[in-house]
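Q: Please take a close look at the aromatic rings of this structure. How is each ring pair arranged, and in what setting is it found?

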Amino acid sequence: TFTSSYPEVIRLQSELEGLKRGNRNGKVTTTASTGEMNVVNPGYQDVQQNIFDLEAEISSLQSRKKQLSKILIARESILQNVPENQKNLALLVQERDSNRRIYEELLMRHSQSEVSKQMEIGDKASTFRIVDAAFLPKIPISPNMMRLFFLSIAVGFGAGFGVVVLLEQSSTKIKSLEQLQEYDIPILAAIPTLNNPAQVQQIKRLDMIVYIATSAYFAGVLTLFLLVNYKVF
C-alpha cells in the first residue's frame with residue numbers, strides 16, 4: 001500500500017533500527033582487556049531512543065520537503081506559462097476578429113454581385129446613366145440650429161421675466177408709502193433715502209461691468225456657434 005518513501009514507513013523503519021540497536025547495546029558485554037562486566041546505562045538508552053526518534057522525524061520532514069519542492073516547481077512552471085498563454089489568447093482573438101471582418105466584407109460583396117447579376121439578367125437592354133450627381137452638403141439641412149439657438153435664448157429670457165413677475169406678485173413685503181395708504185394705516189413719518197454719490201457711482205460701475213461681461217459672453221457664444229455650424233469666417 002505504501003512505498004518506502006512514505007513518511008510513516010520511514011519513521012517506523014527508523015524506530016525499528018533504533019530498537020535493534022538498543023537490543024544489541026542492552027546486552028551484557030565483556031571487555032577483552034579487563035574481563036569486567038559492563039552494563040549499558042538505561043538513561044543512555046533513553047537518550048539514544050530519543051535521538052533515533054528525532055532522526056526518524058527529520059527523515060520524514062525531509063521527505064515531505066522534497067515532495068513540497070516538487071509541487072512548488074510544478075506550480076512555478078505553470079505560473080511562468082500564464083503570460084505566454086495570455087499572449088497567445090490575445091493573438092487568437094485578434095486573428096478571429098480580423099477573419100470575421102474579412103468574412104463580412106466578402107459576404108457583402110457577394111450580395112452586391114448577386115444583385116448586379118440579377119439586374120443584368122433582368123434587363124440587358126437598359127442603359128444606366130447619371131441624371132443628377134450627388135453632392136456633399138456643407139451645412140446641416142435639419143434641424144435649423146440658428147432658429148433653435150435664438151428660440152432657446154428667447155424662452156430663457158421669458159422664463160426669467162415670468163419668474164421675477166411671479167415673485168414680485170407673491171411678495172407680502174411693503175415697499176412704498178402707497179401700499180401703506182391702501183390699508184388705511186396712519187403714517188407718522190417717513191425716512192427719505194439718502195444716496196451717497198460715491199456709492200451710486202460704484203453701483204453704476206458694477207452694473208456696467210456686469211452688462212459688458214454678459215454681452216461679451218453672448219457674443220462669444222454666437223460667434224462660436226457660427227464658426228462650428230456654418231463656417232462663416
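A: The answer below begins with the ring pairs and then turns to their surroundings in the chain.

The model is predicted, and a search of the whole structure finds two aromatic pairs.

Phe 218, at 33% relative accessibility, counts as partly exposed.

The other pair is formed by Tyr 217 and Phe 218. Its geometry is edge-to-face, with 5.6 Å from centre to centre and 75° between the planes. Tyr 217 has a relative accessible area of 55%, so this residue is exposed. Taken together, the ring pairs link Phe 157, Tyr 217 and Phe 218 into a cluster.

Val 155 lies in helix 3 and, at 52% relative accessibility, counts as exposed. Together with Met 145, Leu 148 and Leu 151, Val 155 makes a nonpolar surface patch of about 340 Å². Confidence in this part of the model can be stated as well: among the elements of the protein chain, helix 3 has the highest confidence, at 86.

The protein chain has five helices and two strands, and the order along the sequence is α-β-β-α-α-α-α. Buried residues make up 6% of the 233 residues. The accessible surface comes to about 21,100 Å², and 62% of that surface belongs to carbon and sulfur atoms. Of the contacts with a separation of 6 or more, 52% are between residues 24 or more positions apart.

Other sites show how further parts of the chain meet. Ser 60, in helix 2 (residues 42-122), is buried, with a relative accessible area of 16%. Apart from its neighbours within four places in sequence, Ser 60 is in contact with Pro 7 and Ile 10. Gln 13 is placed in helix 1, which covers residues 7-25, and is partly exposed at a relative accessible area of 44%. Between Gln 13 and Ala 56 there are 43 residues of separation in sequence, and their C-alpha atoms are 8.0 Å apart in space.

Arg 96 forms a salt bridge with Asp 97, and the closest N and O atoms are 3.2 Å apart. Arg 96 is partly exposed, with a relative accessible area of 46%, and Asp 97 is likewise partly exposed, at 25%.

Finally, the confidence of the prediction bears on how these details are read. The protein chain averages a pLDDT of 77, and 82% of the residues score at least 70. Confidence is lowest in strand 1 (residues 29-30), with a mean of 38. Over residues 27-40 the pLDDT stays under 50, and the model has twelve contacts beyond four places in sequence for this stretch. Where pLDDT is low, the predicted coordinates should not be read in detail.

How values were computed:
Residues are numbered from 1 along each chain as its sequence is written. This is a predicted model: local features need pLDDT of at least 70, side-chain atom pairs count only at pLDDT 80 or more; totals for chains, interfaces and linings use all residues. Side-chain values use heavy atoms; hydrogens and water are left out. Rings of Phe, Tyr and Trp (its six-membered ring) pair if their centres lie within 6.5 Å; planes under 30 degrees apart count as stacked, over 60 as edge-to-face and the rest as tilted. Buried means under 20% relative accessible area, exposed over 50%, partly exposed in between (1.4 Å probe, protein chains only). Helices (H or I, at least four residues) and strands (E, at least two) are DSSP runs, numbered from the N terminus. Contact means heavy atoms within 4.5 Å. Accessible areas come from the Shrake-Rupley method with a 1.4 Å probe; for residues, only the protein chains shown count as cover. Patches are made of residues with over 30% relative accessible area and no salt bridge: like charges are joined within 9 Å, nonpolar side chains (Val, Leu, Ile, Met, Phe, Trp, Tyr) within 5 Å. A salt bridge is a side-chain nitrogen of Lys or Arg within 4 Å of a carboxyl oxygen of Asp or Glu. pLDDT is the predictor's confidence in each residue, from 0 to 100.
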